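Q: I would like to learn how to read charged pairs and a helix face in a model. Can we work through a case?

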Amino acid sequence: MCKKIGIAVIGNGNRARGVLSYLFPVSQDNIRIVSVYDPDQAEMEDVCKVWNMPDALCCNSSVEAITAPGVDWVMIFSPNVFHKQHILEGFQAGKHVFSEKPLATSIEDCKMIYDAWQQSGQLFATGFVLRYANIYRTTKEILDSGKLGRLLTLEANEHIRPGHGGYIMCNWRRLTRIAGPHILEKCCHDLDLINWFCQSLPSKVVSFGGREFFRPENRCMEEKYGKEMFHMWRDPHRTETPFSDDTDLMDNQVSIAEYRNRIRVSFTSTMSNAIPERRMSFHCSEGNLDLDLYKMQIRYKNIADENETVLNFDGDFHGGGDAVIMKELFDTMQNGTAPSCSGNEGLESAVFALALDQAAQNGAVVDLEPVWKSLGR
Ligand SMILES: NC(=O)c1ccc[n+]([C@@H]2O[C@H](COP(=O)([O-])OP(=O)(O)OC[C@H]3O[C@@H](n4cnc5c(N)ncnc54)[C@H](O)[C@@H]3O)[C@@H](O)[C@H]2O)c1
């Protein structure tokens, strides 16, 4: 017999709409959106229509939504700099919390959230959706099985399409004071996966990056290819053009990290690719493995194997992880099962991302050991 769960949804934009569409079917009639809050009144009213929840309260503040009678869980989909406020408000009100990644935009905020969660005794799930995708879970199983020996180096990337890059550059994501740097806002998924696969923490990092493409002098690209080339998703708040100086993001960045267990990692991200790619290549002592998220394929081979093993996976955007994370979240809501991703993953991936940003800003090697020590790791 399922419990009825009341939810407050903070931030009613694309992600809330997208991922909750996977929660409603698994929960059947056992989820009720009690309240919503978004400073954009039209978005709040629209989302209640989209979800066919005419009784949901449209609130004037996040606290009003969180403390509305009948709320058990707070689900947070606000821009990143507001995550800390909303997560802390949730725990202070004695609610369980799901928050989207990244955990927050500074190490201090992440630590405050982590400590508040530890003291709260509440359940806390975070939206590192790729950890729930079968292709990444299978990769982890193969690596952990020892079939390929010990992981030595890992080469990873995230190269998005022009429409995705243009969306970011017209959105709140273009401003690090709201989103944090791109390496945090977008790439924290990959950095979290890398931490998970390496089973350790990055000790030293170095990084180079800059903004070379999304600049005013390249606005002619909109005439050459049409504006739609650089515009991918619904955004009621978008600016006129992604080719402006109204951003402080890097649109390309190349990074290297050395982990405590001597695994060496490289990660490259760019924002305007005809052929998008999200790939991880694992070089191990007795074999190697290549994971390609766009092709939804893993290839691996032990040095003694005659042939490569090729595994093909099903799944839409995020490798099918959206459906799984919501299915498992519903189980957490019903049975209190610990979520696969929580405050720890959020904190450690944010520290990694912010150190890469610092390294790229200053052109210097960043030693993370003092930071890990201050965080008790
Ligand atoms: N896990 C994933 O794969 C994934 C994918 C996309 C987005 N996200 C995360 O989800 C969050 C939302 O992203 P999105 O794509 O929905 O953005 P969006 O721009 O579509 O929606 C954000 C909404 O937040 C509202 N908002 C602004 N200030 C607010 C405040 N102070 N309090 C509450 N709401 C506020 C905006 O009006 C907007 O409606 C971000 O943290 C983002 O990183 C995660």
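A: Arginine 279 is partly exposed, with a relative accessible area of 21% (buried is under 20%, exposed over 50%, partly exposed in between; 1.4 Å probe, protein chains only). This is a predicted model: local features need pLDDT of at least 70, side-chain atom pairs count only at pLDDT 80 or more, and totals for chains, interfaces and linings use all residues. Residues are numbered from 1 along each chain as its sequence is written, and side-chain values use heavy atoms, with hydrogens and water left out.

Q: Which side chain does arginine 279 meet in a salt bridge?
A: Side chains of opposite charge can pair when their charged atoms come close. Here the partner is glutamate 277, at 3.6 Å, N to O (a salt bridge is a side-chain nitrogen of Lys or Arg within 4 Å of a carboxyl oxygen of Asp or Glu). Glutamate 277 is partly exposed too, at 24%.

Q: Which parts of the chain does the pair of arginine 377 and glutamate 348 link?
A: Their side chains meet at 2.7 Å, N to O. Arginine 377 lies in the segment after helix 14 (369-374), glutamate 348 in helix 13, 29 residues apart (helices: H or I, at least four residues; strands: E, at least two; DSSP runs numbered from the N terminus). Glutamate 348 is buried at 14%, whereas arginine 377 is partly exposed at 23%.

Q: Which residues of helix 5 are buried?
A: An α-helix has 3.6 residues a turn, so residues three or four places apart point the same way. In helix 5 the buried ones are Asp109, Cys110, Ile113, Tyr114, Ala116 and Trp117. They fall within an arc of 165° seen down the axis, so they line one face (the arc is that of directions from the helix axis to the C-beta atoms). On the other side, Glu108 and Gln119 are exposed.
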